[in-house]
Each structure stands twice: as structure tokens, then as C-alpha cells.
Amino acid sequence: MEEKVRDRIDVLTEKLELLDITVSQKQIEQFLMFYEMMINTNQVMNLTSITEPVEVMDKHFVDSLAVKRIYDLNQKVSVIDVGTGAGFPGIPLKIVFPKIHIVLLDSLNKRVKFLKDVVEALELQNVECIHGRSEDIGRTDEYREKFDLCVSRAVANLSVLSELCIPFVKIGGRFISYKAGKSAEEIEDAKTAVTKLGGKIRRVEEFSLPGTELERVFVEIEKIKETERKYPRKAGMPERMPLK
């Protein structure tokens, strides 16, 4: 399988160049190792339904890194990836932008163990892998309002995601949600929740992934004031009763 993906690594490098990202040989090797570890682990644990090399490059690697369009990660910023799953977008971001300090948060301990193995194998520095629910971790003094940037590719309504993510962001920081195309109604419906949580929608960036017809949307939310201590509500509440 590694030979198969090696043969297509040029697809990744070409598409990253369209994002003005140039990767070194070491970074290419890290992407290859990450891919191999994900595919091997996927045989015994459900990490992703996307396994073909080019699809992984497009829908996981390039998609994760496309946030570079709207946020400068070539600096020492603190980032948290909420609901990271198999490590997206967090691991690709750390490979390409090694200066960032990143926390990978997921509610499933088996996935967190996989991520720790990836971080060790790829020799990534300043990466913290945390097992827990964002409703609980977001209420702790250690992580609440401590990050310059929160990112999430989690499949959830933006109102729900905002309650899970905005509490992690310091005032002046950003929460950037990765969304599929045609999300205008969902974004409009989330405005009240975003305001209640101390945020403001600054930009909605619609685009297609380089070299594909895959439509994507970034919703950039600025943290303009502290989040009230009652948020996030206890585990499960944001999903059952989204803020309106």
C-alpha cells in the first residue's frame, strides 16, 4: 500500500503548491507514515471511511491544510482541534506548520491512543493528545480561553460546535469551523448562539479544494468577549438543545 501512495505523492505536493505550501522530504515522509498508520489501524478500529490514497490526500490532507487561506500558521500560536477523530485537521497542520503548539481533543480513548502513537512515530513536538468531552474540558481553568485558534472538522451543527469550541478561545482569538458547501442557512441560524458565547462571525469563505469540485466553507468566528461560565452546558445538552 505504501508504494501505491508513494506513486501518488506528487498529487499531494502539486495541490499543496496551489495553497502556496511547499513541503520538505521529511514532511512528505511524515505524511506517508501517517497514512500507513491510519490505514493499518483502520482495519481494527473505525477511523475513516476514506482510504484510497488520492481521496485521503484531497479530503483529509489538503482539506485540513486549506485553512491556511484565512489564517497564518507560520508563527507560534496555540491551537486546539476539537473532535479531532483520526487527527484531522490537527496532524496535517502540525506536520506543515511545526511552530504551532496543538492540542488534539477527542472523546474516544482508542482514537487518542492512536494519535499518541502517531505523534511519537512522526517525532512531532509540542502536541498534546487529550481524551475527554469538550463540554467537560472546556470548563477547566487549564484549557478554558487559552487558545489563539480553535479548529474543528466535526460533523455537527454550527450552533452546537460554537458552544463546544468558543469557550476554548481567548479574547481576540478565532474559532474556524470547516463546513461542507451550501451551509448558508446553518450559518445564519447560528448567529444568535455565537453572540451568546462571546463570538462574532467575521468571515465566511467559500471555495473548492484545489484541483477538485469539492465545495468547502470556512466560518471564521472572532472571540470578542468572555464566554459566560454557564457555557458549555453539561455533556449532551448542546446537541439535544442547541442554543437559539
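Let's start with the hairpin of β6 and β7. Six residues sit between its strands, and one of them deserves a look: G211 takes a positive phi near 75 degrees. Keep in mind that this is a predicted model.

Now the strands themselves. β6 covers residues 199–208. Its pairing with β7 is antiparallel, over 9 bridges. One of these bridges joins G199 to K223 in β7.

Stay on β6 for S208. Is S208 buried, partly exposed or exposed? Its relative accessible area is 39%, so S208 counts as partly exposed, between the 20% and 50% cut-offs. Setting aside residues up to four places away in sequence, S208 touches L214 and E215. A66 is 142 residues from S208 in sequence, yet the C-alpha to C-alpha distance is 9.8 Å.

β7 brings us to the pockets. The largest pocket holds about 880 Å³ of space. Its lining has 37 residues, and the closest to the centre are G83, R153, A154, V155 and A156. Which elements supply at least two lining residues each? On the helical side, α4 (53–65), α7 (134–137) and α8 (158–165). Among strands, β2 (101–106), β5 (169–180) and β7 (215–223). By class, this lining splits into 15 nonpolar, 11 polar and 11 charged residues.

Next, the second largest pocket. Its volume is about 160 Å³. D20, I21, T22 and Q27 line it, along with K68, L73 and N74, then V96, F97, P98 and K99. The class count here is 5 nonpolar, 3 polar and 3 charged.

The largest nonpolar core has 56 residues. Which of its members touch the most others? They are F61, L73, I91, L93 and F114. Helix α3, residues 25–42, gives this core its largest share, 8 residues.

The hairpin has G211 with its positive phi. The largest pocket takes lining residues from β7, among other elements. And L73 belongs to the 56-residue core while also lining the second largest pocket.

Conventions:
Residues are numbered from 1 along each chain as its sequence is written. This is a predicted model: local features need pLDDT of at least 70, side-chain atom pairs count only at pLDDT 80 or more; totals for chains, interfaces and linings use all residues. Side-chain values use heavy atoms; hydrogens and water are left out. On a 1 Å grid over the protein atoms alone, a cavity is a set of points where a 1.4 Å probe fits but cannot get out, and a pocket is an open set with protein on both sides within 12 Å along at least five of seven lines; lining residues have an atom within 4 Å of a point. Grid points are joined across faces, edges and corners, and a volume is the space filled by probe spheres set on the points. Helices (H or I, at least four residues) and strands (E, at least two) are DSSP runs, numbered from the N terminus. Ala, Val, Leu, Ile, Met, Phe, Trp, Tyr, Cys and Pro count as nonpolar, Asp, Glu, Lys and Arg as charged, and the others, Gly among them, as polar. Two strands pair if DSSP finds at least two bridges between them. A nonpolar core is a set of buried Ala, Val, Leu, Ile, Met, Phe, Trp, Tyr and Cys residues joined through side-chain atoms within 4.5 Å. Buried means under 20% relative accessible area, exposed over 50%, partly exposed in between (1.4 Å probe, protein chains only). Contact means heavy atoms within 4.5 Å.
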